[in-house]
Amino acid sequence: DALLASATSLDLLQRCTRILLVAVFLGFFTRITAPLAALLWLIYGSVLRAYNAWRGHSFISSWWTLVVFAWRGGAAEAWSLDAIFFPQLAGGGTNTKSKAQYRGWTRFMVTLVLANNYCMAGLSKFCASGIAWGFGINLKAKLMQTALTQTSFGFYLSLGLRHFPLIFWSFLGFCGLYGEIAMGLIPFVSWAKLIFPVAMWGMHIGIILLQHIVFVDLLTTLAAWYVWHHLDKLDTDNWSRLYAGGPWDWRQVSHDAQLTLGFRPTYAKLPAPPEDDTEAPVDKAAENESEERNARSGAKRTFALFIFFLAVWTQGAEWYPWNAFRMFADWTPYPVSYERYVALDANRQHLRNFYLHELNPVLNRKRMLDAMTLCAERPNDFNCQDYLDFMQKSSANLDNHPSYLVVESRSWDFVRNIDKVNFCDEMTMYMYDVKNNAVSVLENQPCTPIDWHTWLVGSFGTI
């Protein structure tokens, strides 16, 4: 409670978390910075979720990836600062093959995090709505609803495509549903590594354009995952000897693709490297022991991680940082409902749109609408009084000095009339009266024109 009550403490937490995350990104002293960043990010994310602003599965994959790095001793390879200045920090022993195995198991655990998260999201949709989740009418309802809900985005591609046939929306729905489930193949099926992560990256671009939701963490993690595989290889001549046969076998993708097409893989039978009498003698027993130790350790931890994620999903847990990825899993009925946020002058004439982040950086639509409803029904409730105190202070310095702040809860049956004026059949207006510090409700109101103007508003750790 003391942390949440202090703006200075929250700002310090945010700054320290960001500094440590930058250090991990640069690969600087990751044996220390990765565990600390994971701990602070856990607290930072918990604060945002306590404010109900960081919901769903945002940044869950990235946090677990950070935990894997912390668990496996950081990262001192490739382009990291540790690799440049402190190469002795690299884990996995002293010989080349042992280090390759160590990195391989670390990468495989990250791959498992990604695969589990997507697969659980797909299976949650399948369990909640069945195959019908992919039906065009369901996906179209979701996209119409989220595209019309007021955000800082200034384009409405979903509305422009609203006349497209249902087969188009069904195609998008089934690609998303089964693409997420198919991500469960990438740790175990080599060709899946080339296809499905790219497909999911494209899906997230589509979500930005059609649904106005930006999964920054997944867009960057998927791209980094490919770069990581590309960088984490040694000289080509020794690749087959060092990497082949393990679950981290990246080039096995190329190997299988060539076999599938009927070509002989160019590296399928590389000769063993020639013996070099000038090299120092190698303790084969110690080398084999190091390799076996890395393999056993990596396998045990990977298995533990897999069972853990499976148990979380089976129980439907939504206790941060455990998540069953049930966001958008349910069937979306129609008519669809959405909210717009409007500022009015003293004559109840439209001034402009307002944004929840203008009132508070972590205020979200659910908390705002719940509070408005509570104050309309039970104005003397102590929770309502807290909300009114908050609104009175937050609205005092808004641009244009509005007299009323209105949440318009709109309803639209797009199936009955896809070209309905204002994309709305009727609306309920939850009105906050700035002067009198009170909330009133006007139901079954005619829909007013939508103000399509948008502008970006900064927020506390949200997109």
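**Reading the sheet, the loops and a helix pair**

Guide: In this predicted model, strand 1 (residues 336-344) and strand 3 (residues 404-412) run antiparallel and are joined by 9 bridges. Within this pairing, S337 stands opposite S411 of strand 3.

Visitor: How do strands of a sheet pair in general?

Guide: Strands of a sheet pair through backbone hydrogen bonds, and the pairing is either parallel or antiparallel. Here the sheet is open and has 5 strands in the order 2-1-3-4-5, with antiparallel pairing.

Visitor: Which strands stand at the edges of the sheet?

Guide: Strand 2 (350-353) and strand 5 (438-445) do; each has a single partner strand, so one side of each lacks a neighbour in the sheet. From one strand to the next, the twist averages 30°.

Visitor: Where does P335 lie, and what is the peptide bond from Y334 to P335?

Guide: P335 belongs to the loop between helix 14 (284-315) and strand 1. The bond from Y334 to P335 is cis, with omega near 10°.

Visitor: Which residue has a positive phi of about 65°, and is that residue buried or exposed?

Guide: The residue is H212, which is not a glycine. H212 sits in the loop between helix 10 (190-211) and helix 11 (216-231). Its relative accessible area is 6%, under the 20% limit, and H212 is therefore buried.

H401, also not a glycine, has a positive phi of about 45°. This residue is placed in the loop between helix 17 (382-394) and strand 3. With a relative accessible area of 59%, over the 50% limit, H401 counts as exposed.

Visitor: Why does Q150 count as buried, and what does Q150 touch?

Guide: Q150, in the loop between helix 7 and helix 8 (157-160), counts as buried because its relative accessibility is 7%. Leaving aside residues up to four places away in sequence, Q150 touches E339, R340, Y341, N353, F354 and Y355. Its side chain reaches the backbone oxygen of F354 at 2.7 Å.

Visitor: At what angle do helix 7 and helix 9 pack?

Guide: Helix 7 (residues 136-148) and helix 9 (residues 166-182) pack at about 85°, and their axes are 7 Å apart. The two helices are therefore roughly perpendicular to each other. Helix 7 contributes G136, I137, L139, K140, L143 and M144 to the contact, while helix 9 contributes L166, W169, S170, L172 and G173. By class, this contact has 7 nonpolar, 3 polar and 1 charged residues.

How values were computed
Residues are numbered from 1 along each chain as its sequence is written. This is a predicted model: local features need pLDDT of at least 70, side-chain atom pairs count only at pLDDT 80 or more; totals for chains, interfaces and linings use all residues. Side-chain values use heavy atoms; hydrogens and water are left out. Axes are lines fitted to C-alpha atoms, for helices over the stretch in contact, and angles run from 0 to 180 degrees between N-to-C directions. Helices (H or I, at least four residues) and strands (E, at least two) are DSSP runs, numbered from the N terminus. Angles under 35 degrees count as roughly parallel, over 145 as roughly antiparallel, 65 to 115 as roughly perpendicular and the rest as oblique. Contact means heavy atoms within 4.5 Å. Ala, Val, Leu, Ile, Met, Phe, Trp, Tyr, Cys and Pro count as nonpolar, Asp, Glu, Lys and Arg as charged, and the others, Gly among them, as polar. Buried means under 20% relative accessible area, exposed over 50%, partly exposed in between (1.4 Å probe, protein chains only). A polar contact is a pair of N or O atoms within 3.5 Å; within protein, one must be able to donate a hydrogen and the other to accept it, and residues adjacent in sequence count only if both atoms are side-chain atoms. Two strands pair if DSSP finds at least two bridges between them.
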